[in-house]
Amino acid sequence: MSGADTIFALSTARGRSAIGVIRVSGPRATAALAALAPRARPQPRIAVLARLRDPATGEPIDDALALWFPAPKSETGEDVVELQVHGGRAVIAGVLDALASLPGFRPAEPGEFTKRAFLNGKVDLTAAEGLLDLVDAETAAQRRQALRQMEGGLAALYEDWRGRLIRALAHLEADIDFADEDLQRDVAVEAMAGLQKLAAEIRVHLGDRRRGEVLREGLSVAILGAPNVGKSSLMNALTRRETAIVSSIAGTTRDIVEARIDLGGYPILLADTAGLRDVAGDSDPIEREGIRRALARAENADLRILVFVAGYAPDLAIAELAGADSVLVGNKADLLAAAVISEPSSALLVSARTGQGLDALRARLLTEAEARMGTGDTPAITRARHRSALNECVASLARAEKAQLADLVAEDVRLAVRALGRITGRVEVDDLLDVIFREFCIGK
Ligand SMILES: Nc1nc2c(ncn2[C@@H]2O[C@H](COP(=O)(O)OP(=O)(O)O)[C@@H](O)[C@H]2O)c(=O)[nH]1
Ligand SMILES: [Mg+2]
């Protein structure tokens, strides 16, 4: 089930580099070798040295490594040819131009290799998404999650559930078809109990506090507090670079300044914000807008770092924001005489200037990150797409439980099967159902 076109693309990043990898996939992939490197005769999956020439002029373009992956044992399931060339711009342009000139060849659209792999049954949708996430992974925890998904962790879970649903559905349909037989009644009751148990499992999976999605996107952490308490200094200390402008002039930070950091393998999206203070109606409108944005970010952040000056009571704005998803930080602890330390016990005392207490703050943030993004041994939902399909599945099962007529029950279960099938991209419910249903009838 492949497109008739043979597609090609530069798979490595654009721009000058030591090597560039160009992949070709489709029915005419080997014609690329015949045209560009007629002398090369690669064995399947074994690299050979190949002199690439412009097919029109015979002019040498590069000495490359060529690989041939015959269908269907290739990444896309089609014939695939891979050329590892020297990564100069002219070399890559020369090879791409030569490929474009071959009949039946065209540049691949974004995601087209993966799409063909899916259409040829090489990967399910969650594995394809896992592959994309793996390419984007910036931290170790993101990489682990993406790899697990690419290797089928999520697909296995959802296919197992879908199999259970389909089996229950077969039993319910049997109940409709052989309504007079008592034996079938028991089977239907058992099937309903199984569905209830499954719905409960899916609900637990849904109630994971979005840990997989947060890990994919990064934990959003906002640094908040009154002007001049040292929010920007703290931001710079945590990112270990000059991310935000620090100054003793109150109201320096106006817009939100963002930076991504890797904290023990967890991705954190830090946001430094404008200082919170009461501003009169006739004050600087830019500062007012900055404060509005700071408060909006405070609302949407997964976690808030609330900063005040150690030795002083946390100001009102901070006190209002304090809650479960916040870490209270007393900054400028270097200015405190040891004897005056009398902060609320929940606050961490730090100094952005001397670095004192910052390790403790990082440790605290890591604990919070683990609590919100650690996925343990069970694969987590990683996309809103999965979540909405699972919600739909659970809703259908809840309707099935309440439905009075056997036909309606079966219809709702069928919808639940379809919702799960959409996650992995396996939607051919009826085929599978036929197989299982036949087995079931013969078995009885
Ligand atoms: N002594 C001391 N001064 C600090 C500390 N952190 C920041 N400051 C100073 O406080 C002022 C305001 O800092 P800034 O980071 O711009 O505060 P923001 O307005 O909350 O972003 C600057 O003059 C900083 O040098 C600290 O830990 N100790
Ligand atoms: Mg600032």
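Helix axes are lines fitted to C-alpha atoms over the stretch in contact, and the angle between two of them runs from 0 to 180 degrees between N-to-C directions. In the predicted model described here, helix H4 (residues 125–136) packs with helix H5 (residues 140–150) at an angle of about 150°, and the two axes lie 7 Å apart. Because angles over 145 degrees count as roughly antiparallel, H4 is roughly antiparallel to H5. Thr126, Ala127, Glu129, Gly130, Leu131, Asp133 and Leu134 form the H4 side of the contact, and Arg143, Ala146, Leu147, Gln149 and Met150 form the H5 side. By class, these residues comprise six nonpolar, three polar and three charged. The crossing of H4 and H5 is left-handed.

On the H9 side the contact is made by Leu234, Ala237 and Leu238, which meet Leu358, Leu361, Arg362 and Leu365 of H12. Six nonpolar residues and one charged residue make up this contact, with no polar residue in it.

H9 itself is mostly covered, with eight of its nine residues buried. The buried residues are Lys231, Ser232, Leu234, Met235, Asn236, Ala237, Leu238 and Thr239. Besides H12, the elements against which these buried residues pack are the strands S7 (219–225), S8, S9 (266–272), S10 (303–309) and S11 (326–331). Just after the helix, Arg240 takes a positive phi of about 55°.

The magnesium ion (ligand 2) has Ser232 (OG) and Thr253 (OG1) as its protein donors, at 2.1 to 2.2 Å.

Glu213 lies in helix H8 (residues 211–217) and counts as buried because its relative accessibility is 4%. Leaving aside residues up to four places away in sequence, Glu213 touches Ile381, Thr382, Arg383, Ala384 and Arg387.

Val24 is found in strand S2 (residues 19–25). With a relative accessible area of 0%, Val24 is buried. Its contacts, again without residues up to four places away in sequence, are Thr6, Ile7, Phe8, Ala29, Ala32, Asp79, Val80, Val81, Leu99, Phe105 and Phe113. Between the C-alpha atoms of Val24 and Ala406, which are 382 residues apart along the chain, the separation is 52 Å.

Conventions. Residues numbered from 1 in each chain as written. Chains lettered and ligands numbered in written order. Predicted model: local features only at pLDDT ≥ 70, side-chain atom pairs only at ≥ 80, totals over all residues. Heavy atoms only, no water. Donors = N, O, S within 2.8 Å, 3.2 Å for Na, K, Ca; no water. Helix = DSSP H or I, 4+ residues; strand = E, 2+ residues; numbered from the N terminus. Parallel < 35°, antiparallel > 145°, perpendicular 65-115°, else oblique. Left-handed = near helix turned anticlockwise from the far one by under 90°. Contact = heavy atoms within 4.5 Å. Nonpolar A, V, L, I, M, F, W, Y, C, P; charged D, E, K, R; others polar. Buried < 20%, exposed > 50% of the residue type's maximum accessible area, 1.4 Å probe, protein only.
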